[in-house]
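Hello,

Here is the structure I promised to pass on. My notes on it follow below, starting with the pocket.

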Amino acid sequence: MPPAASSTSPPPVIQANQHIYDDYFREEFTHTLDENLLQLLDRVWFRSELVGFEDFPQRNRPDRPLIFASNHSGMAFPWDAMVALSHLWRHLLKTRGSLRDLPRPLSAPMLSQTALMNPYLVKDFWKKNGCVDATTLNFETMMYYQDHNLMLYPEGVPGIGKGFNRKYQLQRLATSMVRLSLEHGTDIVPFYTINAEYLNPYAYSFEPINRLTKKIGIPFLPLTLMLVLVIIQPWAFYLAFPAKLTFVMGTRIRPSDLTTKTRDELTREDYLAMSEQIRLQMQAEMDVAVRNHGQKPYRWGELWQRIKENRRFFPFFLPFAWPAMFAEFERLYVIEGRRNFRMQLDRPGAWLRMVWRNPITLAYFVPVLGWIPLAIKGYRGNKLGQKP
């Protein structure tokens, strides 16, 4: 069994890269976004639930973050990750009064580097909410991070790009997760995202088409009847169906228990074998979670009840109103620099006023041609690596 890592200082290259902790991340941004937008969407549309998170996992090694790992939902915009993190944010504040153990995500660089993959073109959305590009150096650097745990989707982009015919089928897991867990002596905490496969159901993926879309910064193009709606109503690019998102805690994994070799003795084949062993364990637990929580992904009666209870916020819990809501948030927080504000979503005519103050929103409703101003706004001055 490999020995636990020692509490040495980070290597110089890691020390030089530790600026990634706070280059973009703004807790105030995330908190204000959650209070004004995400809480409403979660309460009415996604109705997320945490299962098994009552005893929140504690670090087995105090000076190293835990690695939270979950399955990807195929062919859908990553609303599941957004909802999971916002719910965990509120859960930790309520139960512990602290965000120290909140998982902070490592995400595919294409998410943050591509304008259209930031929700409704809100600049640096993912990074301001704490995401860090999932490069090898960044992953190793984040293993020395003290303020939060880590969260990743070890299937990577192939997990997002799997078609509906492969729903709930874990793709090959990144061996870097196993390697760094062993190197730093910290545990992997799996949890399972259930029903997110139905955020964009019956969508399929073909690699030749994906190779073309990657050239314009879109990692995959779901082939579905919804694609027609995306063309004639650009707001549908970010559309999510009202699946009830359920996050189920799995069994904690300690990769050092899976081998008798030291780290120096481990080969790539060994890491691949351990990664596959972990994948099989996660797959078995996820299958059980699907049987228990994934048989009625939409819960239409519950959705209707939530809509009635929150009718004063109409239409903001419906997807066609989200572009104006996100644009107004960006105008107030980013452009005007306001803080500690509350958007009056329940005021009569609020949505029309938001559209008036953010005319780019109209482009989301213009068939075909609406994509032109959205692309111009999204890619103008969009330089990779640019800091806020």
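The largest pocket is lined by 42 residues, and P105, L106, S107, A108 and M151 are the ones nearest its centre. A pocket here is an open set of points on a 1 Å grid over the protein atoms alone, with protein on both sides within 12 Å along at least five of seven lines, and a lining residue has an atom within 4 Å of a point. The volume of this largest pocket is about 670 Å³, counted as the space filled by probe spheres set on the points, which are joined across faces, edges and corners. Its lining divides into 28 nonpolar, 10 polar and 4 charged residues; Ala, Val, Leu, Ile, Met, Phe, Trp, Tyr, Cys and Pro count as nonpolar, Asp, Glu, Lys and Arg as charged, and the others, Gly among them, as polar.

Before you read on, please keep in mind that this is a predicted model, in which local features need pLDDT of at least 70 and side-chain atom pairs pLDDT 80 or more, while totals for chains, interfaces and linings use all residues. Residues are numbered from 1 along each chain as its sequence is written, and side-chain values use heavy atoms, leaving out hydrogens and water.

The whole structure also holds 3 cavities of 30 Å³ or more, a cavity being a set of points where a 1.4 Å probe fits but cannot get out. The second largest cavity has a volume of about 60 Å³. Among its 10 lining residues, H72, A76, P78, I160 and F220 lie nearest the centre, and by class the lining has 7 nonpolar, 2 polar and 1 charged residues.

Now for the rings. There are 31 aromatic pairs in the structure (rings of Phe, Tyr and Trp, its six-membered ring, with centres within 6.5 Å; planes under 30 degrees apart are stacked, over 60 edge-to-face, the rest tilted). One of them joins Y120 and F326: the centres are 4.9 Å apart and the planes at 40 degrees, so this pair is tilted. Y120 sits in the loop between α4 (109-113) and α5 (125-128), whereas F326 belongs to helix α13 (residues 322-335), 206 residues apart; helices are DSSP runs of H or I, at least four residues, numbered from the N terminus.

Best wishes

Notes: Helices (H or I, at least four residues) and strands (E, at least two) are DSSP runs, numbered from the N terminus.
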